[in-house]
Amino acid sequence: MIVAGFGFRAAASVASLADALSRAAGPHAPQVLATAEDKAATPMFQTFAAQHGGAVRGLTAEEIASQTTVTQSDAARGARGTGSLAEA
């Protein structure tokens, strides 16, 4: 199973997530599109998921904070308790 993880700002667009997915996944189609629960519930992310055919998986704060990530962003750590929401 391929899972694509997303961390994004409130101002992100469907087009910006589609571009990120295209660059990261290449010819592979993820079955699951994952992000934080609050972000997963946004109309923009729901539209993106509907256009790209992946099931949406909203991660809890506990699930996110329990993950070790390669990237260590101070902003992500402060906001989400992890170094990278996309990697968590």
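**Helix packing and an aromatic cluster**

Phe45 and Phe48 both sit in helix H3, three residues apart, which is about one turn of the helix. The model is a predicted one. Both of these phenylalanines, Phe45 and Phe48, are buried.

A pair of aromatic rings is described by the distance of the centres and the angle of the planes. Four aromatic pairs turn up in a search of the whole structure. One of them joins Phe6 and Phe45: the ring centres are 5.9 Å apart and the planes stand at 70°, over the 60 degrees that marks edge-to-face, so the pair is classed as edge-to-face. This pair links distant parts of the chain, since Phe6 belongs to the loop between strand E1 (3-5) and H1 while Phe45 is in helix H3, 39 residues apart. Phe6 and Phe45 are both buried. For Phe45 and Phe48, the centres lie 5.8 Å apart with the planes at 50°, so that pair is tilted. Phe6, Phe8, Phe45 and Phe48 make up one aromatic cluster.

Helix H3 also packs against another helix. Two packed helices are described by the angle between their axes and the distance between the axes. Helix H1 (residues 14-25) and helix H3 (residues 43-52) meet at an angle of about 50°, and their axes are 9 Å apart. H1 and H3 are therefore oblique to each other. Their crossing, H1 with H3, is right-handed. On the H1 side the contact is made by Val14, Leu17, Ala18 and Leu21, and on the H3 side by Met44, Phe45, Thr47, Phe48, Gln51 and His52. The residues in this contact of H1 with H3 comprise seven nonpolar, three polar and no charged.

Terms used:
Residues numbered from 1 in each chain as written. Predicted model: local features only at pLDDT ≥ 70, side-chain atom pairs only at ≥ 80, totals over all residues. Heavy atoms only, no water. Axes fitted to C-alpha atoms, helices over the stretch in contact; angles between N-to-C directions. Helix = DSSP H or I, 4+ residues; strand = E, 2+ residues; numbered from the N terminus. Parallel < 35°, antiparallel > 145°, perpendicular 65-115°, else oblique. Left-handed = near helix turned anticlockwise from the far one by under 90°. Contact = heavy atoms within 4.5 Å. Nonpolar A, V, L, I, M, F, W, Y, C, P; charged D, E, K, R; others polar. Phe/Tyr/Trp six-rings, centres within 6.5 Å; stacked < 30°, edge-to-face > 60°. Buried < 20%, exposed > 50% of the residue type's maximum accessible area, 1.4 Å probe, protein only.
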